[in-house]
Amino acid sequence: MRRDGFLLRIELRSNPEVLCVVRSALARLAELLGFSDSDSHLVILAVDEALTNIIRHAYKGERERCIEVTLRILPKASDSPSHRILEIVLLDDGLPVDAKRLRPRPLKEVPIDELKPGGLGLHFIRKNMDKVEFRRQDGRNLLRLTKALPLAESH
Amino acid sequence: MQIAIRKLDQITIIDVSGDIDLSTSPDLRKVLLHEMRELKVPRVVANLTSVRYVDSSGVASLLEGLKASRDMKSRFIMYGLNAKVTQVLQLSKLLNIFEICENEEQALKP
């Protein structure tokens, strides 16, 4: 997989039961791109959490709404001179996300009684991906995640 | 995700297999809370040997199990965590909070 550009687009309904299908597709793609098992898992976790957030918060649990996931390879760039980049863009037309809620907050070790798992998904996304960007575009929520590809072996 | 329940004297073993994610974690949560809060089982053991994947909603369900066990002064033990599940708990900074055993024998020791 050496070409840059568009790789794969998945359009799914906001049904939690198909999340495993997206994860499987990502797992195979990550393998093709040369990610280690561990890094592959980090990417899958981040996308899975992003989809979960869309289903829960943007779509308030509705199961018939549309989510689009587009994967591209971006060429080496000035801020990533030695690595090509995997770009994953998630689009939904649900409730506008309050960008303030997406700001990174440190995950402290808090006493168990005070633990609220709500922020955990966002933590996974921010920790596992290199860049996380959110914006509104044409009335839709757009979440852009990137991760540097492992260095290619020479063939 | 499949759940099977084995009952020993004063111990319930919950055999979980598959993925614990947004669609399946509510079922796990229900089972854990039923064993702990309603049946008041003194020790609940979750066998995660056949669990391939856990996301944050899965972690939340396990955490609710742990909180329930503390409220009920019972024990909640997990075993059979693979590398991915361990990684997720590590990322959540929760690995040290749970009681985790290497295998069933250890989990059942008095």
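**Talking through a predicted two-chain model**

Colleague: In chain A, what share of the contacts between residues at least 6 apart in sequence join residues at least 24 apart?
Modeller: Keep in mind that this is a predicted model. Take the contacts in chain A between residues at least 6 apart in sequence, and ask which of them join residues at least 24 apart. That share comes to 66%.

Colleague: OK, so what pattern does chain A follow along the sequence?
Modeller: Start with the pieces: chain A has three helices and five strands. Now read them along the sequence, and the pattern is β-α-α-β-β-α-β-β.

Colleague: How do helix 1 and helix 2 of chain A lie relative to each other, roughly parallel or roughly antiparallel?
Modeller: Helix 1 covers residues 19-32 of chain A, and its axis comes within 9 Å of the axis of helix 2. The two cross at roughly 150°, and angles over 145 degrees fall in one named class. That makes helix 1 of chain A, relative to helix 2 of chain A, roughly antiparallel.

Colleague: And how many nonpolar residues are in the contact of those two helices, helix 1 and helix 2 of chain A?
Modeller: On the helix 1 side, the contact includes Leu19(A), Val22(A) and Leu26(A). Helix 2 brings residues including Val43(A), Ile44(A) and Val47(A). By class, one residue of this contact is polar and three are charged, while the nonpolar ones number nine.

Colleague: What about helix 2 and helix 3 of chain A, which word describes how they lie to each other?
Modeller: Their axes come within 8 Å and cross at roughly 140°. Helix 2 of chain A passes helix 3 of chain A in a left-handed crossing. With that angle, the two helices are therefore oblique.

Colleague: Which residues of helix 3 of chain A meet helix 2 of chain A?
Modeller: Helix 2 of chain A comes in with residues including Leu42(A), Ala46(A), Ala50(A) and Asn53(A). The contact divides into seven nonpolar, four polar and one charged. From helix 3 of chain A, the residues they meet are Gly121(A), Phe124(A), Ile125(A) and Asn128(A).

Colleague: What covers the buried residues of helix 3 of chain A on the chain B side?
Modeller: The buried residues of this helix include Leu120(A), Leu122(A) and Phe124(A). Within chain A, their cover includes helix 2, strand 4 and strand 5. From chain B, it includes helix 2 and helix 3.

Colleague: Which element gives the largest share of the largest nonpolar core?
Modeller: That core has 59 residues, and those with the most contacts inside it are Ala46(A), Val47(A), Ala50(A) and Val59(B). The largest share is 11 residues, and the element that gives it is helix 2 of chain A.

Colleague: Let's go to where the chains touch: which element gives the largest share of the side of chain B that touches chain A?
Modeller: The contact takes 20 residues from chain B and 21 residues from chain A. On the chain B side, the elements that give two or more residues are helix 2 and helix 3 of chain B. The largest share is seven residues, and it comes from helix 2 of chain B.

Colleague: Last one: how do helix 1 and helix 2 of chain B lie to each other, roughly parallel or roughly antiparallel?
Modeller: Their axes come within 9 Å and cross at roughly 5°. Angles under 35 degrees share one class. Helix 1 and helix 2 of chain B are therefore roughly parallel.

Definitions and conventions
Residues are numbered from 1 along each chain as its sequence is written. Chains are lettered from A and ligands numbered from 1 in the order in which they are written. This is a predicted model: local features need pLDDT of at least 70, side-chain atom pairs count only at pLDDT 80 or more; totals for chains, interfaces and linings use all residues. Two residues are in contact if their C-beta atoms, placed from the backbone, lie within 7 Å. Helices (H or I, at least four residues) and strands (E, at least two) are DSSP runs, numbered from the N terminus. A residue is buried if 20 or more other C-beta atoms lie within 10 Å of its own, exposed if 12 or fewer, and partly exposed in between; C-beta atoms are placed from the backbone. Axes are lines fitted to C-alpha atoms, for helices over the stretch in contact, and angles run from 0 to 180 degrees between N-to-C directions. Angles under 35 degrees count as roughly parallel, over 145 as roughly antiparallel, 65 to 115 as roughly perpendicular and the rest as oblique. A nonpolar core is a set of buried Ala, Val, Leu, Ile, Met, Phe, Trp, Tyr and Cys residues joined through C-beta atoms within 7 Å. A crossing is left-handed if the near helix is turned anticlockwise from the far one by less than a right angle, and right-handed if clockwise. Ala, Val, Leu, Ile, Met, Phe, Trp, Tyr, Cys and Pro count as nonpolar, Asp, Glu, Lys and Arg as charged, and the others, Gly among them, as polar.
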